[in-house]
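Reader: I would like to learn how to read a model like this one, feature by feature. Please show me the structure to begin with.

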Amino acid sequence: MTLFGGQQQGTVPAPRPPLARPKKGGIRSTCPVAPSWVRSGASLAPFKVTPMVEPGALGGEDRPYMGGCCARCTPHSKKAHTDPQVMQLGIRNLLLVSTMDRDRGFLARTFCYLSHAATRDIRLPPRPVSSRAVLEADAVQVALEQTLELTLEARGLADVPEAEHHVRRLLYARAESLLSAMKSNIGTAFLRVATWALFHLLRCTLSSAQVHKGQLEAVRRAQQASPGTPVVFLPLHKSHLDYVLLSFALTNFGVQAPLVAAGDNLCIPLFGWLLSRLGAFYVKRRLDGAGPKDLIYRAILQSYMVEALALGHNMEFFIEGGRSRNGRPKRPKAGLLSVVVHAFHEQRIDDALVVPVGISYERIVDGNFISEQLGRPKQAETLGAALSAIWAVLRGRHGAVRLDLAQPFKLSEFLSTARCSAPPPPPAGDGAPLSSSPESRTSASSLYGLDVVDPQQRSAVNALAEHVVYDAARCCAVMSTQLVALLLLHRFRQGCTLSALTNAFAKARDELLRRGVDVGFRGDAHDVVQYAIGLLGPGLVTHERMQMGGAAAEGRPPLEVTFVRPVTILPNVLELAYYANMAVHSLCLDAVLVSGLLSLLSVDLAAAVDLGPSPDLEVGRHQVLAAACDLADLLRDELLLTPPCSRLDDALVEPLSRLTSAEVLVAVEPKLVDESEEWASRAFSRFKAQELQTDSEDEADCFGTQSDTFWMVQLTADTLEHVLYLQSIVAPLVDTYYTTACCLHRLVTQELAEADFVLDVLYEIKNKLMLGMLAYVV
């Protein structure tokens, strides 16, 4: 198996031409045997001996280009900087550099990484961020005056001139100290040394670091087309290695290295100094404590970011905030993003290029987050813990990592589109939140409080943040371990043979490619599955050789098969689910639709196989869509189903057509319904028309004209297996919501800490699982 230029120890090498001898320990080549006139030693031209190979079949150049811009929100950006040549540039392994080529000199090949790092074009803006410019910014001066006034009033010294002078000096000294601890000290010399060191460190733990060259080329062209325009990289956060990999890839490809917003928990001895030289500027994880808002810190942070953007510095920060604990994308936190939008509205920058980024790991570098999912508090970062973690990473085997950059789009274009399509602002005095999502509500830690932000601008920022998270998740490639974990958890939880897992893996891979989702692996499905099982390790997946009974009695040797089974102990399942959750983004809509459909059936599904037409298996289109929308509304904080510019019922059309194409849903003749059913169907149609704000006369008059479409659910053994597989993707979430709701009554008579309540919920899940009331552990 070939992992795009990097070969992990123990994997199977890529197929070679017929005359090439396979590597020791590899399997027999699948290429055709050379004819006798070749084996006899006849000397012919190479093109007459080596069979024709489709371009890109061995190098990964035929991989799909993912992460295109939204045609509705950014139509002009979608057409820019990408052409068929760019989209077909294919995959590049960052750990393989041009100085390794045989045409290079002996010293260049011997010290390939050193010569590569020394010759890189490290690009930074001509001027660093000036501390004086930040401290003299209007926002900082206003914050100092407001804090001075509040401090003097709190101490009863408002009429004492000497006290005012003394407090003013102390506040200005604090502002200088905050800025000194926050700002980055990035430099080209240190970036070169870090690039050389990272080559050696990454080779110790990764088999390859993959990136689509077309995606990097699109970013480079976009920045060249708009000189001086800052690029804002917004990656999803899975590991501490995320920002290192992104800066490493950009530096090696000639794109200006960004300033990276890092949590102040990483500002520890030695590592804080190193990260600052690599471009990190430190942001408090909690902007405010128990007291009033820290206006000075907020103003310093905003002014530093605005000044850096105005000077042309690229910037990177994680749109989710912290790392994902369960593998699924988190709800966005738009605080830092609002600073970029504010800088644009205040005309401090002419525009900005926004680039969502997704990073996929075959095996997560930071270990797992099981203890935190079980309710235990997060451990603080220390120098000893960091050194221990790095040593464990260097000794470990983590496979390949894939970095995907979505197509860059202009901030001005998105905001103008969002302004045209934004809903009207709420009436004065309306205290309703802008979103019903708990994590998207404005909190005390939001940067919105620095300036007066109108509701329309805030709505546009929230829409931008949600769109970025959706785009970043959509452009992520699916890795081999993720797909194996998904199949084992949701299709073969009780175990299966290796051949059955291999067949399901091949079908799932082909389905992903048909949907335009790339995969971060290549090779025969059997080899890839074995590689993934070995990488996940025996703690998550076990496999053993078993003999099939009955063969010896017939005089034949017993048939041996390999049986694969996931380890279903709760902590192990949580870790396995982490990998599976990173591969479900392309199946979420299908899973929600199928779950809504099955909730309408009152018959046992096993008994419905090949049952034939039955009134209990008949459903209406409006019923299915309504059930799917209700479930999607329940799980809106867990699953990314649609971007904010899209309607859910429109997005459900494609998965609905897949069910009809598979003949799971078969259209039936319209039937006469009684008056109450007809009234309910028409009322639902009119409600949906009003909710979606449609202006069509037909939809406005649908109360009396529109009729429903009815289907008959027809299940076979194969379709039932696939339907249950899709349902199992959202079933753990529904079970968890149900169990949590059952436990809420305990908070009526007593107060419980969050960690204690989580432990109670986990205990209740275990009890219901043992009683057979739940089907899944997670």
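Reader: Which residues lie nearest the centre of the largest cavity?

Author: Keep in mind that this is a predicted model. A cavity is read through the residues that line it. In this case 14 residues line the largest cavity, and Tyr243, Val244, Ser247, Phe248 and Leu278 lie nearest its centre. The space inside comes to about 180 Å³. The structure holds six cavities of 30 Å³ or more.

Reader: Which helices and strands each supply at least two residues of that lining?

Author: Helix H10 (188–205), helix H12 (241–252) and strand S4 (259–263) do. H12 gives the most, with five residues.

Reader: How many residues of the lining are nonpolar, polar or charged?

Author: Eleven are nonpolar and three are polar, while no charged residue takes part in the lining of the largest cavity.

Reader: Let us step back to the whole chain. How many helices and strands does the chain have?

Author: The chain has 33 helices and 15 strands. Of its 778 residues, 49% are buried.

Reader: What share of the contacts joins residues 24 or more positions apart?

Author: Such pairs account for 79% of the contacts in the chain with a separation of 6 or more. Glutamine 223 and alanine 352 are 129 residues apart in sequence, yet 9.6 Å apart in space from C-alpha to C-alpha.

Reader: Where does glutamine 223 lie, and why does glutamine 223 count as buried or exposed?

Author: Glutamine 223 lies in helix H11, residues 213–225. A residue is called buried when its relative accessible area is under 20%. Glutamine 223 has 16% relative accessibility, so it counts as buried.

Reader: Which residues is glutamine 223 in contact with, leaving aside its neighbours within four places in sequence?

Author: The list is Thr229, Val231, Val255, Gln256, Asn314 and Leu353.

Reader: Which way do S3 and S7 run, parallel or antiparallel?

Author: Strand S3 (residues 231–235) and S7 run parallel, joined by five bridges. Within that pairing, phenylalanine 233 stands opposite valine 355, and valine 232 has valine 354 as its bridge partner. S3 can be read in the manner used for S7. Five of the five residues of S3 are buried, so S3 too is largely enclosed by the rest of the structure.

Reader: Which way do S7 and S8 run, parallel or antiparallel?

Author: S7 and strand S8 (residues 400–405) run antiparallel and are joined by five bridges. Tyrosine 361 stands opposite valine 401 there. S7 also pairs with strand S9 (residues 409–410) in the antiparallel sense, over two bridges. In S9, phenylalanine 409 is the bridge partner of valine 354. As for S3, a parallel pairing over two bridges links S3 to strand S6 (residues 315–316), with phenylalanine 233 opposite glutamate 316.

Reader: How many bridges join S11 to S12, and how many join S10 to S12?

Author: Eight bridges join S11 to strand S12 (residues 559–566), and two join S10 to S12. Phenylalanine 563 in S12 stands opposite threonine 497 and also opposite glutamate 544. Elsewhere in S12, valine 561 stands opposite methionine 546.

Notes. Residues numbered from 1 in each chain as written. Predicted model: local features only at pLDDT ≥ 70, side-chain atom pairs only at ≥ 80, totals over all residues. Heavy atoms only, no water. Helix = DSSP H or I, 4+ residues; strand = E, 2+ residues; numbered from the N terminus. Buried < 20%, exposed > 50% of the residue type's maximum accessible area, 1.4 Å probe, protein only. Contact = heavy atoms within 4.5 Å. 1 Å grid on protein atoms, 1.4 Å probe; cavity = no way out; pocket = protein on both sides within 12 Å on 5 of 7 lines; lining within 4 Å. Points joined across faces, edges and corners; volume = space filled by probe spheres on them. Nonpolar A, V, L, I, M, F, W, Y, C, P; charged D, E, K, R; others polar. Pairing = 2+ DSSP bridges.
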